[in-house]
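Here is a short report on one protein chain. It starts with the whole chain and then turns to selected details.

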Amino acid sequence: MVTMTMLTEPPELKRYSGIERAATLMLVLGKDHGAPIWENLSVEEIKELSAAMASLGRVPASVAEHLLGSFANEVSGMNSLHGSFETTERLLEGLLPGDKVREIMEDIRGPAGRTMWDKLSNVSETVLAGYLKNEYPQTVAVILSKLKADHAARVLSKLPRDNAVDVVQRMLRMETVQKDVLLQVEHTLRSEFMNNLSRAQRRDPHEAMAEVFNAMDRSTEEAMLGALDNASPDSAERIRSLMFTFEDLGKLMPSAIAAIVRVADKRQMALALKGAPTAIRDLFMGTMTERSAKLMREDMAGMGPVRARDCEEAQNGLVRLAKQLADTGEIMLNDPKNDDAMIA
C-alpha cells in the first residue's frame, strides 16, 4: 500500500496548462496503467492529449511527483521525463490499431512531418515544377496525386501547358497506385530530388558575411572590405552586392520611407539624417508633414556638432528598422541581386 503525502506545489507547475498536466500523467502511467483511460477517450481527445504529450519536452521530476500524488515515492527517483513524437508513438502503438496511430501522429506532426510527401508539400511550386517538367508524365501524375489539391494546382500552373494537360489526363485515368511503384517513386524523390534540393538550399556564406559587414561600423567595414579586395576580390564584390546599407534607403519609394518615418525613434532619425547625404535627407523630409519636417530640421540644428560615429550608429539603426519592416511585409526592400527588382 502506498501512503499518500501532501506535496507543496512546485513553482514550475504554473508553466503547464491543464492539457499538458494531463499529458504528463499519461506519459508517466505508460501503456499498462494508462490503457483504461485511453480506451475511454474519443479520437479528438486522444489527438489533443497526444499532441500535448509530443510537445512536452523535459518535465521536472518535481512536477511529475506533484501530479502523480500517490505515486510520488516511485517518481522521486526520476530526474526527468521526455515527451517526444517517438515516445508518444510507441505508447499509442500498444493501445490503438496501427491505422489509427498513423492518423493521429500525422495530424499532430503538422506540415513538416517526416514522410516524403510531407516534405514535398513544403517545396515551392516553382522548384517542384522545375524538377517535374523533366520527368515522365505518369510519374508526375503519381506525385501530384499524393499532394494536397491546392499545392498540386500551383505546381500544374507552373508546368508547360501541354505537359500539364497530359498529366491531368493521366491523373483522371489513374487507378490505385501499386505499393512497390509508390515506394520506387519515393526512393527516386529522396535520392535525386530532395538530396539535391538540400545541397542547393545551403546558404551562400557570402550572404551570411554580408549581414556581418552590415553590422560593422563604417570605418571597420571599409577597412575589412579593402583588405578583402586584395586577398579575394571576387568575394569582396559578392559581399558588396549583397549588403544593404544606409545609402540603399535612397533607392526606396517614398511609401516605404514614410513607413520607416512613422515608427522610427525621432531622436535617432534626426541624428541619422544630420550625417546623411542631401538626397536621402530630402527623401525622408518629403514624406513628412510640413510641420514635422520643420521640427526635424530644428532638432538637427539644435544638436550642434555630433560625432560621425554617432551618426553612423543611428543610420545603422534605421537600416535595421527597414529590414524589420521588410521581414513583416510592411515594406519591400530592393533586391541588390536584381537590378530590375520592383521597389514598394
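## Model and overall make-up

This is a predicted model, in which local features need pLDDT of at least 70, side-chain atom pairs count only at pLDDT 80 or more, and totals for chains, interfaces and linings use all residues. Residues are numbered from 1 along each chain as its sequence is written, and side-chain values use heavy atoms, with hydrogens and water left out.

The protein chain has 20 helices and two strands. Helices (H or I, at least four residues) and strands (E, at least two) are DSSP runs, numbered from the N terminus. Of the 344 residues, 36% are buried (under 20% relative accessible area, 1.4 Å probe, protein chains only). Take contacts (heavy atoms within 4.5 Å) between residues at least 6 apart in sequence: 72% join residues at least 24 apart.

## Helices H8 and H10

Helix H8 (residues 125–132) and helix H10 (residues 149–158) have axes that come within 8 Å and cross at roughly 60 degrees. Axes are lines fitted to C-alpha atoms over the stretch in contact, with angles from 0 to 180 degrees between N-to-C directions.

From H8, Glu 125, Thr 126, Leu 128, Ala 129 and Leu 132 take part. They meet His 151, Arg 154, Val 155 and Lys 158 of H10. By class, this contact has four nonpolar, two polar and three charged residues.

## Asp 248

Asp 248 sits in the loop between helix H15 (233–242) and helix H16 (254–263). Asp 248 counts as buried because its relative accessibility is 11%.

The Asp 248 side chain makes a polar contact with the side chain of Lys 251, at 2.9 Å. A polar contact is a pair of N or O atoms within 3.5 Å; within protein, one must be able to donate a hydrogen and the other to accept it, and residues adjacent in sequence count only if both atoms are side-chain atoms.

Conventions
Nonpolar A, V, L, I, M, F, W, Y, C, P; charged D, E, K, R; others polar. Buried < 20%, exposed > 50% of the residue type's maximum accessible area, 1.4 Å probe, protein only.
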